[in-house]
Amino acid sequence: MSAPSAELQAVLGRRWRKPPLIRRTWLRWALGLGALVYLAAAISSVEVNWSRVYEGLDRGGAFIMSFARPDFVTRGSDIWDGLMESLIMTVAASVVGIAISIPIGLGAARNIAPLPVYLVCRGIVALSRALQEIIVAILLVAIFGFGPLAGFLTLSFATIGFLSKLLAEDIEAMDRSQAEAIRATGSGWWQWINYGVQPQVMPRLIGLSMYRIDINFRESAILGLVGAGGIGATLNTAFDRYEFDTAAAILLLIIGIVMALEYLSGVIRARVQ
Amino acid sequence: MLRLEKLVKTYRTGDQALKSVDMEVPKGQVLALIGPSGAGKSTLIRCINRLVEPSSGKVWLGDTELTHLGAGALRRERRRMGMIFQEYALVERLTVMENVLSGRLGYVGFWRSFARRFPQSDVDEAFRLLDRVGLLAMADKRADELSGGQRQRVGICRALIQNPALLLVDEPTASLDPKTSRQIMRLICELCAERGLAAIINIHDVALAQMFVSRVIGLRFGAIEFDGPPTALTPDVLTRIYGEEDWQATIQKVDDEDAPAEVVA
């Protein structure tokens, strides 16, 4: 062993720390303090009317108590109709949305689509994601009138933005060498997608689709509030009539179905690795 | 059989990966392409089947010039060039059989391949090849269940079922242990001899290359620095290709071919 160099001598015995994320000290402190000041200002700007809160506690209490005795019977047929409408809306919108998302997702992946196709598909994705479901639903209710058709179209449209974007990102992150090997065999473009790309993204596509079905069902409950049909409409009516026990029954059903879907998607995702 | 004329590849970043490479490979010849990382070995073989588009120059495969072909004609010519990859590049979630049969994609239509209904002759040939490399029992396993050496054997079957005239082999042993590396190299060279295939094998392991091939080409900075039989690889030549280093040990291995093999294994 030779003697340590001067460079090494200089650093021996010096404490080592991970370099900070933000190198400039003053900027680091300014950002931290700024965030604290903003938080304090934001909280103090929220006005709370405490007497109103006190009054509301009673109503909230009544609502929560009604969960102890949900009424599934009185409005039984309304609940059943709303639920069926929601489920049909969810399944139809998911199937249509997923079917449209796959080609758009392929087109929105930069590593497999030519630039013009990529831009068009990314445009569709951006449009779908920019328009929130409720806004789309209000517009579509205005066009098609009250009822599940507007809800179905809204959910299909929202599914496209969600699924295409995440599918495209998964395709962009795929292993290039596997796809390259298929291309080297002299395969055509569709064969290349079917053999080189699809097997790599299939588990994620299935997992995301299951997740989206889950989301679509929950959204279908919200869309009823703006008149786009489904269980949400029934829920809205129950609230309007102060029938909290019926509302509680509906909410319990929604929670049950969402949990069942969650469990189902967990099982399916574990199977398709 | 394969002829490269003034082949140049300049990447968009400005890196000149190949500077006017001329090379001719006769039918049935197995040659090793050696050189330091970044010398352009990978680029060279990918320019032949145009997984990388060459910037200029010509590639002749038999009587066909490849660099100006349209998409359809290029696909037909790619069928004649089997490729074997570093890290195997099997499609991991497909079965071994699907991976082997994917070598026939250039010959069958989309719907047939989509339904996995390949002609019986293709299926028989796939079974024959799997049997030849000792993996017949694995046909229905998923590719990611196999070991490294087994995967590379499947990769070899995929290339051979194309019924190619030329094999392009990119670092076939890069992630394999020394014994498996020799087995794979031996297998590739035997199969080339059986079928009269020419092959270009990119390889880092000079000693391994010397053991199996009849011709070595040394690439440095995208230009051919050496072209000759493996016995002509002297320390001087290796220094010209790779730079200064003690090469004696690397070359010695060649003299007694099989004795150290057992030790390594």
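Predicted model: local features only at pLDDT ≥ 70, side-chain atom pairs only at ≥ 80, totals over all residues.

Modeller: Residues are numbered from 1 along each chain as its sequence is written, chains are lettered from A and ligands numbered from 1 in the order in which they are written, and side-chain values use heavy atoms, with hydrogens and water left out.

Biologist: Why is B:Glu77 called buried?

Modeller: Buried means under 20% relative accessible area, with exposed over 50% and partly exposed in between (1.4 Å probe, protein chains only). B:Glu77 has 12% relative accessibility and therefore counts as buried. B:Glu77 lies in helix α2 of chain B; helices (H or I, at least four residues) and strands (E, at least two) are DSSP runs, numbered from the N terminus.

Biologist: Which residues is B:Glu77 in contact with, leaving aside its neighbours within four places in sequence?

Modeller: On that count B:Glu77 is in contact (heavy atoms within 4.5 Å) with B:Leu61, B:Thr64, B:Leu66 and B:Leu69. The side chains of B:Glu77 and B:Arg80 are also joined by a polar contact of 2.8 Å. A polar contact is a pair of N or O atoms within 3.5 Å; within protein, one must be able to donate a hydrogen and the other to accept it, and residues adjacent in sequence count only if both atoms are side-chain atoms.

Biologist: What makes A:Ser128 a buried residue?

Modeller: A:Ser128 counts as buried because its relative accessibility is 5%. Its place is in helix α5 (residues 115–130) of chain A. A polar atom of the A:Ser128 side chain lies 2.8 Å from the backbone oxygen of A:Phe157. Leaving aside neighbours within four places in sequence, A:Ser128 is in contact with A:Phe157, A:Ala158, A:Ile160 and A:Gly161.

Biologist: Why does A:Thr234 count as buried?

Modeller: With 15% relative accessibility, A:Thr234 therefore counts as buried. A:Thr234 sits in helix α10 (residues 231–240) of chain A. Beyond neighbours within four places in sequence, A:Thr234 is in contact with A:Asp78, A:Ile79, A:Gly82 and A:Ile250.

Biologist: What makes A:Glu180 and B:Arg46 a salt bridge?

Modeller: The term requires a side-chain nitrogen of Lys or Arg within 4 Å of a carboxyl oxygen of Asp or Glu. The side chains of A:Glu180 and B:Arg46 meet at 3.0 Å, N to O, and the count between chain B and chain A is 1 salt bridge. A:Glu180 is among the buried residues of helix α8 (residues 176–184) of chain A. The buried residues of α8(A) pack against α9 (189–223) of chain A, together with α1 (41–48), α2, β6 and α6 (148–160) of chain B.

Biologist: How many residues does each chain bring to the contact, and what area is buried between them?

Modeller: Chain B brings 30 residues and chain A brings 20 residues. The area buried between chain B and chain A is about 2200 Å², with carbon and sulfur atoms giving 56% of that area. Buried area is the accessible area (1.4 Å probe) that two parts lose on being put together, summed over both. Across the interface, the rule finds 11 residue pairs in polar contact, both residues at pLDDT 80 or more.
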